[in-house]
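My notebook is open, and the plan is to look things up one at a time. Here is the model I went through.

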Amino acid sequence: MLSTPRIVAVVPCHNEETAVARVVTDLLAAVPGIEVHVYDNCSTDGTAEAARRAGAHVRREEEKGKGNVVRRAFADLDADVYVLIDGDDTYDVADVPALIETLLAGPYDHVVGVRRQVTGTAYRSGHESGNRFFNALVTFAFRRKVSDMFSGYRVFSRRFVKSFPGLSRGFEIETELTVHAVNARMPQTEVAVGFRDRAEGSESKLRTYHDGFRILGVFGQLLFHERPFLVTGAVSLTLFLLSLVLGLPVVAEFASTGLVPRFPTAFLAASLVILAGVFLLMGVLLSGQAKIRRETSRLFYLRQPAPPWSGGDGPDGAGPRDAEHRRQLP
């Protein structure tokens, strides 16, 4: 590299007094020169003091929710490389250098730490299956393979961060980050990272079903916003098929007898055909708007400089450490 990139770590925390100090000290030891910014999100314990004693810059975000923290941090901080990691000490901080090397060796705009359990109970009941479901959903909808959509361990370039709108408030932020990268077709990759149980005495803030439904709602909004023709086309096709089921018997009866004894059914079938056409036209119009929006977003993205390239020597331009870690992915 021609110059040393400025690297900052964003650590969202809500009542993580027992774990945050270790996360901060491990980050400072793993990446020399890194700035660690802990965002205290309405904690009622000693999270801020523990982080400050460990050497972090501590900021406070009064709007509760991880999405609010990420949006605030992306607006506040100016750097070449951004590391996002939870403050609960469940992610292996020793993998940070590999994530950063991978970003710079690409260069990529987004590197996701795909969780690899180092303890058998790291995933809470229901979380792993829910993660697989949403991974498959995003892969199908956006035609880009996603292995761990809910990972809170990521590294970003400046141009990703400064082109990311960040509208989510809570844990849906990971969904929004993933969809933004996939839909904008940013260069990105995945690296396997260690994932373990929470520190003893700390408690997970995730609510499996409540947060799952919220994430599903956000995904639906993003899907309609970014792929409107897929949504309206599916509705249009459903209405059209329903109209055929209702209308074909009426048409057959009219062809054989010249009468339409089931006029309400005929009227309903005709109405469904019209609605199918309306939804189809709506999808075409919304797709045009989405294309214009993506082009505008792309222009904002291009205003930022590319990540400083480290000149990797792997088979695809990535360094050997990057290639080694990606081979560990299932």
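What covers the buried residues of α3? Before answering, I noted the ground rules. This is a predicted model, where local features need pLDDT of at least 70 and side-chain atom pairs count only at pLDDT 80 or more, while totals for chains, interfaces and linings use all residues. Residues are numbered from 1 along each chain as its sequence is written, and side-chain values use heavy atoms, with hydrogens and water left out.

**Entry: helix α3**

I looked up the cover of α3, and it includes the strands β1 (7–13), β2 (35–40), β4 (81–84) and β6 (154–157), plus the helices α6 (158–161) and α7 (173–183). Helices here are DSSP runs of H or I with at least four residues, strands are runs of E with at least two, and both are numbered from the N terminus. The helix α3 itself spans residues 66–76, and its buried residues are Lys66, Gly67, Asn68, Val69, Val70, Ala73 and Phe74. Buried means under 20% relative accessible area, exposed means over 50%, and partly exposed is in between (1.4 Å probe, protein chains only).

**Entry: α3 against α7**

I checked how these two pack: the angle is about 50° and the axes are 8 Å apart. Axes are lines fitted to C-alpha atoms, for helices over the stretch in contact, and angles run from 0 to 180 degrees between N-to-C directions. That makes α3 oblique to α7; under 35 degrees counts as roughly parallel, over 145 as roughly antiparallel, 65 to 115 as roughly perpendicular, and the rest as oblique. Lys66, Gly67, Val70 and Phe74 of α3 meet Ile173, Glu174 and Leu177 of α7, where contact means heavy atoms within 4.5 Å.

**Entry: α9 against α10**

Next I took α9 (residues 228–257) and α10 (residues 263–302), which pack at about 165° with their axes 8 Å apart. So α9 is roughly antiparallel to α10.

**Entry: His14**

Where is His14 found? I found His14 in the loop between β1 and α1 (20–30). His14 has 18% relative accessibility, so it counts as buried. Its side chain reaches the backbone oxygen of Asn41 at 2.8 Å, and the His14 side chain also reaches the backbone oxygen of Cys42 at 3.4 Å.

**Entry: Arg116**

Last, I looked up Arg116, which sits in strand β5 (residues 110–117). Arg116 counts as partly exposed because its relative accessibility is 33%. I also checked Arg116 against Val193: they are 77 residues apart along the chain, and their C-alpha atoms are separated by 5.7 Å.

Key: A polar contact is a pair of N or O atoms within 3.5 Å; within protein, one must be able to donate a hydrogen and the other to accept it, and residues adjacent in sequence count only if both atoms are side-chain atoms.
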